[in-house]
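Student: I would like to go through the terms used for this structure and see what each rests on. Please set each value against its definition.

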Amino acid sequence: MASKVTGRQATLLRVLVLSGTFFLAAGERVKNKIYDEIQGDMACFKRFNGTHEIGCTSKFFGNTGVLHVIEEKADFDWVYEHGPHQPYVLAFTPLFLTEAVLERATDSGKVSGVVVVVPEDFDPETQLLDGFSGETECPDAYLGLYNASSNPDYAGYCRKKPWNPNGTSMLYTSWEFPIFLITNQTSVNNIQNCFEKFNKPVNGMPRDWPLCSLELKSNMYGTTNSEVCMRRASIGPLSTDNFCDPLYDYNIWGTLKPMNMSEEIPEKSVIIVAARMDAATMFDNISPGANSAVSGIITLMSAAAAIFKHKEEIINVSNKNILFILFQGETWGYIGSSRVVWDMEQGQFPYKVKDDVKDQIAQINLTHIDYFIELEQVGQPEDINKLYIHTDPISNANPELKNETDNLLNILDEASNLVNETKFVRVRKDVPLPPSSIQSFLKHVNISGVVITDHEGEFKNPYYESFLDNYRNVKYEADNETSDADLYHKHINNVASVLATAIYKLATNTHKKITADPELTNELLFCYMKNMTCNLVQEYGGEMAKHLEPKPAKLYVSVESGERYRSYVTMYLMAGLLGDEVERNQSDCKIESIYNMNHFYYFSHLHNGTCVQTTVRMTEAMSPAFLIDDYDWKSGEYSTWTESGWKLTKVMIFLRPSVLEEVAVVCGGVVSLVLSVIVVHFMNSRADLLFGLSTPPAAC
Amino acid sequence: MTVAEFFGCGLIAFGPSLAMFGLTIATDPIRTIMLVASAFFWLLALLFSSILYTAVVQLQDYLAFGVVFSVLFQELFRFLWFLLIQKAEGGLKKVSDGNMQIVENKHILAYVSGLGFGMISGAFSLVNVLADMTGPGTIGMKGDPKNFFIASAVTSLAFILLHVFWGILFFNALHRRAYLQLAYVILCHMLASCITLMNPIYSVTIPTIWILTILSGVLAFIVAGGSHRTIQSAFRGRPQVLQVNADATGNFTQVGGM
């Protein structure tokens, strides 16, 4: 269907039109006069876990329906009670994107699809007073640390005091019709204009045909659940498109100093600094996660860069190492962190021991971990100078561990005093941890760790894991990479400074005020929050930069064959921040083996070509559930999320004729045929008389 | 439009030619071959029009230019086709298997050729539109006339019929060296084609084209030997004629019926 007319074809067509000589001028395809394709890349799609399916799908040929734009609540009633032209495709702003609305639409049986339009002047802050989050009230709880806890205080904590009170679980619901998000203003206007011109009821009376209609195409291949879906895939897919694929991406990490396998890593010597790399929404191609993820990512990167400037000092006095890691797929049941833990337990983190590889990277296991510092949402504190520290009540019941944690808390406190910008407040000790990657570790090992957030109890982020969690939500106001007026990047930079100062103290046991670079922080924030074609990405992104659009980063994990540009770009940026420039030309700037402790990256757009030696690399982030033979899909041990395959998602707007008109045309056609059969038969059978072939005798 | 309207418009435009083909052409292999061959000549005309159109880049924006030359090419190839079958008459006699009707009655070959031209031109002009009709939508969202499909089908039908009539008139003119008739065909084709440049003012174009169609039809009918008297006798029916010339008519019907 999506055939495009090439130049030559177009010319031919035009001539065809000429020789027939009665069609539209200019030789445009008639199709273009009937259909307008509008933004259709942000479709709600299907995902599966071990037991359920979630998301949306259209029918194979798409869902069509008469467009109805909902401007106020009463418009719903009009459609359900009076609207005679069902099925309808409803269009409304995020204001009406609630479970109740979607459920009523499903129950009415009159709705074949929904488009959520976001006009330019839509201001979530003043219009969406209740917040909006597609997540559950207790994100990731079922795969977290406390789910199986015997202590009801912890296991049921979130249900009593939800972390995410705005959670609608909409992301985790299976809808019967396709749902699309439309943010492109031309498309939004197109919908609005077409509705007003052809469909808008006049004084409550429905308009007559032809009516403006939409076709939503987002047919999903997968069904039922991951187990069924993966089993089908293993039988052998019928086409190149899979029924479903496990969620898949790469954890991005690097250490301050290289770890050679020939040197033993002391126990409790690796300080892990972690943040979550991914975010999700109901819709494809949009997952800004400004506070959900970016705030943590940038704080970590900025702190890592600041620490790395003091690398030599730390290495000289300390045998500790620092591991900066960005976990992928944490939204979907802690995929990245559980994979790291699994690999560590299997003795294969980052890789199994290889023979014949020189300077091989050492293996890290769970006993090597010293402290664990995690950054979750840190961008929206109520009081700009106040962040909260969460600790785990279960593991800290152990007095030895409690001492370590207290030490860590003291150091963080001292660091905040030293930097004197951001204060830390410890959350009550009996409150369990909010959703965080450290839970994956604590399920298997007792380590002392903290989770730094901007919230004490419930999330300060009203749009957790939604498409509205963008730069507007966190009030990031910089319009370019050098804007100094913005307060947000200063806040993030302060947190990074405190973190770097604390890490320095943890590693060296000496106090030293370390300040992160606010310009770098701002540049990074600008890239991820507003424009992935920013200068930094151009310099470090290499080939990957060409594929990115001038839009906020898309933070969804995707699947193995999915889009991975922002993961690579993030790794390159990390490599730049945690790497040393070395004198090598482009051809020498490469690694012999990925198992080497050092990697080399060549940035051709950085100072006319720069080679960087670093420990930064990426390791697979796919749930162990897909690697364990005979894994029990219902056990709830590891994430089982998969994503459905699909061919295309597309939205078209067009006019639909009335059935009466259609019948009339068909009748006209039949009449034309029957009449001509009669006439031709008459003329043919009496051709001799009609054309005077037998006139001579007749004239006689 | 929907599948329903696809069939509706398809039948409106191609119903008559379908009936003509089924009842008068398909029954005779020679006629079928001649129809396809004449359609091929129309395609050649299209090819040359296209080459000219592609070559003259400067005039591509002027639709009228293409229309005029396309018409001229079509008429030129109609003439070439005429020359070819003149030459091939001997051969035709051999293969016609004792049935001399197609050679003796020149109008039959003219009619077959005209229908070949008409069907192929109708197909080429409407198939694009028909193909785009199958989706769920109809035209009109962007301010285009809502009756575009019907108008296209009706215009297509007129052109198919016109080609049939022009075929008869054109061949007759060449046989009898009646150059006025020849001029009429070319001018009528030119007028009918050029009037479509006024689209989408269908209230002007469609009546004009249909007036030309009826006029050409009447002329073709007369040229082929018809008159109001023959119509009357045709309506009065066969028995009278059978009495007079039973043998000849018997032959006739048999040939037509085979």
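Student: This is a predicted model. What is the order of the strands in the open sheet of chain A, and how many are there?

Tutor: Eight strands form the open sheet, in the order β15-β14-β16-β13-β11-β12-β10-β20 (chain A), and the pairing is mixed.

Student: Which strands stand at the edges, and why?

Tutor: β15 (423-426) and β20 (617-622) of chain A each have a single partner strand, so one side of each lacks a neighbour in the sheet and the two stand at the edges. Direction ignored, neighbouring strands of this sheet are turned by 25° against each other on average.

Student: What makes β14(A) and β15(A) a pair?

Tutor: Pairing needs at least two bridges. Strand β14 (residues 386-390) of chain A is joined to β15(A) by four bridges, and the two run parallel. Ile389(A) stands opposite Arg426(A) in β15(A).

Student: Which strands does helix α16 of chain A touch?

Tutor: Helix α16 (residues 488-508) packs on the sheet and touches β11 (270-276), β12 (321-327), β13 (369-375) and β14 of chain A. The direction of α16 makes about 160° with that of β11(A). Helix α19 (residues 565-577) of chain A also packs on the sheet, touching β10 (248-255), β12 and β20, with its direction at about 0° to that of β10(A).

Student: Why is α2(B) called oblique to α6(B)?

Tutor: Helix α2 (residues 29-55) and helix α6 (residues 106-133) of chain B pack at about 50°, with their axes 8 Å apart. Roughly parallel needs an angle under 35 degrees, and roughly perpendicular covers 65 to 115. The angle of about 50° therefore makes α2(B) oblique to α6(B). Their crossing is right-handed.

Student: What classes of residue make up the contact of α2(B) with α6(B)?

Tutor: The contact has 14 nonpolar, four polar and one charged residues. Among those in α2(B) are Arg31(B) and Trp42(B), and α6(B) contributes residues including Gly116(B) and Phe124(B).

Student: Why are α1(B) and α7(B) described as roughly parallel?

Tutor: The axes of helix α1 (residues 3-25) and helix α7 (residues 148-176) of chain B cross at roughly 15° and come within 8 Å. Angles under 35 degrees count as roughly parallel, and α1(B) and α7(B) are therefore given that description. α1(B) passes α7(B) in a right-handed crossing. The contact residues divide into 11 nonpolar, two polar and one charged.

Student: How do you know that residues 663-683 of chain A are helix?

Tutor: The span is 100% helix and 0% strand, and its end C-alpha atoms lie 30 Å apart. The name "transmembrane region" for these residues comes from an unreviewed UniProt entry.

Definitions and conventions:
Residues numbered from 1 in each chain as written. Chains lettered and ligands numbered in written order. Predicted model: local features only at pLDDT ≥ 70, side-chain atom pairs only at ≥ 80, totals over all residues. UniProt positions renumbered as here; feature names shortened; annotations may be inferred. Axes fitted to C-alpha atoms, helices over the stretch in contact; angles between N-to-C directions. Parallel < 35°, antiparallel > 145°, perpendicular 65-115°, else oblique. Left-handed = near helix turned anticlockwise from the far one by under 90°. Contact = placed C-beta atoms within 7 Å. Nonpolar A, V, L, I, M, F, W, Y, C, P; charged D, E, K, R; others polar.
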